[in-house]
Amino acid sequence: MKRLIKIDFRKYAHNRTFWVLSALYVVLVVFVFMVTESFLNHVMTNVGKGSPIAIPGFSLYSFPYVWHNMAFLAGFFKIFLALLVIIFITNEYSYKTIRQNIMSGMSRVEFLFSKVIFVFFIALAVTLVLFLSALLLGLSHTENVTSSLVFSKMFFVPAYFLEVFSFLLMAMMFAFLLQKQGLAIGIFALYYYVAEPIIAFRLPAGVARFMPIKMITHLIDVPNSSLMKLFGVNFRETVSWIDVWGCLAYSVLFVAAVYFFLKNRDL
Amino acid sequence: MQEEILEIRNLSKSYGRLKALKSLSLTVEKGSVFGILGPNGSGKTTTLGILLDIIKPDSGEHLWFGQKPDSALRKRIGALLEQPLFYPYMTAVDNLKIIADIRGVHYDKIDEVLEMVHLSDRKFYKYSSFSLGMKQRLAIAAAILGNPEVLILDEPTNGLDPKGIADIRNLILEVSQRGFTIILASHLLDEVEKVCTHVLVLEKGEKRYSGPVNEALGGSLIVEVAARDQEQLQRTLRQIPEVKSVTRQNGIFVLDVHDDLSPELLNKMLAEQGVYLTHLVVRNKSLEKYFLELLSDNHEKTH
């Protein structure tokens, strides 16, 4: 496995697009983390100017809510990571280097496995970014830091990892199946933003609940806030085990789909 | 008993309605330089693609080193198929490092192979900056990296200048002398002739001939003759049964003669008829002639 990691990483290490997109992602996400609270408060003060009730300001960064809040925000940017994954996998087809790799002595299974590892490390890296950002924000915005405060609700961090990992495996599947960069990006985005929501809308709620994107995005729900509670809306503050198992099952499904597709195909 | 490096049994492949390979069978022995000849679309690249697990056959099987094909076995095979395939944004040496890692070859060998293809000074240049000839040479370097027991070369001299072509020919000879096996698909018939020990002729996915090169070439001689009285020469030649064909080329008659008739005997026979030759040259039958003959024979048979 170490050998596969070494081989695959060399392919990205020398690629400027990879580093630029990765850096942009990190900068963007951290920026959003830091700026959202003041942005929301600014919006709320403007909205609340004519209101008779005092509208409480947002406090996004205190423990234990910071984990949920940041994980939720980070979820909006997974599409950029999917872009990265699709670009690099479709590149192997357009340069035909997948052929060269197989001819040189890599098996198709090893090739697939090395891409799954790639996706895993991307998910791990962004989870680390989330963890460190939320930790630092939490530490600087909470008055009495106790370990129970810090660790409760920290499960949102691994939930985020699962969300990104499953999502990127789906992107990987689109990349392998469609093989052309523009096509894969276009159809994946279409499915994510348009096709599945429409299909889910047409299906009975019980079935729609189990569609892939639904399960992936359902892992981490919109965080509660005192404002929402004011309106009587109460979002989930936990991660449901149904979603966890569902995402794991879909992950296996995506990888299996690529395996069977790749196994008997001309390259 | 010669060791069989490769055995192919009844390999078939169709692309939609096009039958690229029709139940092809053959064996390649260790140490041979095996040429695959055939017009475009005859199935050469499809065959090589199947041997390298790039293309999946519809039926039939093949055995490498007597074993069922496996990615580990491919590490003992170096290949250049159709065109060089590398990461354009990476340097020559980084591209070769990837291949070295896949095959488990030490990085020291990289400098060696770059030297052999005369690309050492381009080691740190990006692949995207290479000319076609350089790309081809890098592909050959990648194929020989790690001293594989078998080399599969599909049109290796594509895009190379005459010096490059000569270099490849020498490389092939050198490698074959070390006991390695080479499978060479080429259009350059006289290259194949100079270098190969065995040849397979493919046409429309079927085997037309498979065997040693000298057998293919044997059986006849090409002789050039000329005389002052061309008409008389031509008439006399027609009477000799061992002369299989007579073609006129630039004032000289090029004859395809059965090798029972030696040039000395031919000269004597013509002199006895009063024809004195001004020009007599013996050329070995060329593979090109043989090849074209073989394929046109088949066309005659089927039309």
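**Where the chains meet**

Guide: The side chains of Lys13(B) and Asp266(A) meet in a salt bridge, with 3.1 Å from N to O; a salt bridge here is a side-chain nitrogen of Lys or Arg within 4 Å of a carboxyl oxygen of Asp or Glu. This is a predicted model, in which local features need pLDDT of at least 70 and side-chain atom pairs count only at pLDDT 80 or more, while totals for chains, interfaces and linings use all residues. Residues are numbered from 1 along each chain as its sequence is written, chains are lettered from A and ligands numbered from 1 in the order in which they are written, and side-chain values use heavy atoms, with hydrogens and water left out.

Visitor: How many salt bridges does the rule find across the interface of chain A and chain B?

Guide: The interface brings 28 residues of chain A into contact with 27 residues of chain B, where contact means heavy atoms within 4.5 Å. The pair Lys13(B) and Asp266(A) forms a salt bridge, and across the interface of chain A and chain B the rule finds a total of 5.

Visitor: Which helix gives the most to the side of chain A that touches chain B?

Guide: Helices and strands are DSSP runs numbered from the N terminus, helices being H or I with at least four residues and strands E with at least two. Helix H1 (2-13), helix H4 (78-94), helix H5 (97-104) and helix H6 (108-141) of chain A each supply at least two residues of the side that touches chain B. The one that gives the most, with 7 residues, is H5(A).

Visitor: Why does Thr46(B) count as buried?

Guide: Thr46(B) is found in helix H1 (residues 44-51) of chain B. Not counting residues up to four places away in sequence, Thr46(B) touches Lys13(B), Tyr15(B), Ala20(B), Leu21(B) and Ile55(B). Thr46(B) counts as buried because its relative accessible area is 10%.

Visitor: Which residue is the bridge partner of Val33(B) in E7(B)?

Guide: Strand E3 (residues 33-37) of chain B is mostly covered, with 5 of its 5 residues buried. Val33(B), Gly35(B) and Leu37(B) point one way from E3(B), and Phe34(B) and Ile36(B) point the other way. E3(B) and strand E7 (residues 181-185) of chain B run parallel and are joined by 4 bridges, two strands being paired if DSSP finds at least two bridges between them. In E7(B), the partner of Val33(B) is Ile182(B).

Visitor: Which residue in E8(B) does Phe34(B) stand opposite?

Guide: E3(B) also pairs with strand E8 (residues 198-203) of chain B, in the parallel sense and over 4 bridges. In E8(B), the residue opposite Phe34(B) is His198(B).

Visitor: How far apart do the C-alpha centres of domain 1 and domain 2 of chain B lie?

Guide: Chain B is divided into domain 1 (4-216) and domain 2 (221-284), with bounds that come from an automatic or database domain assignment. Between the C-alpha centres of these two domains of chain B, the distance is 42 Å.

Technical notes:
Buried < 20%, exposed > 50% of the residue type's maximum accessible area, 1.4 Å probe, protein only.
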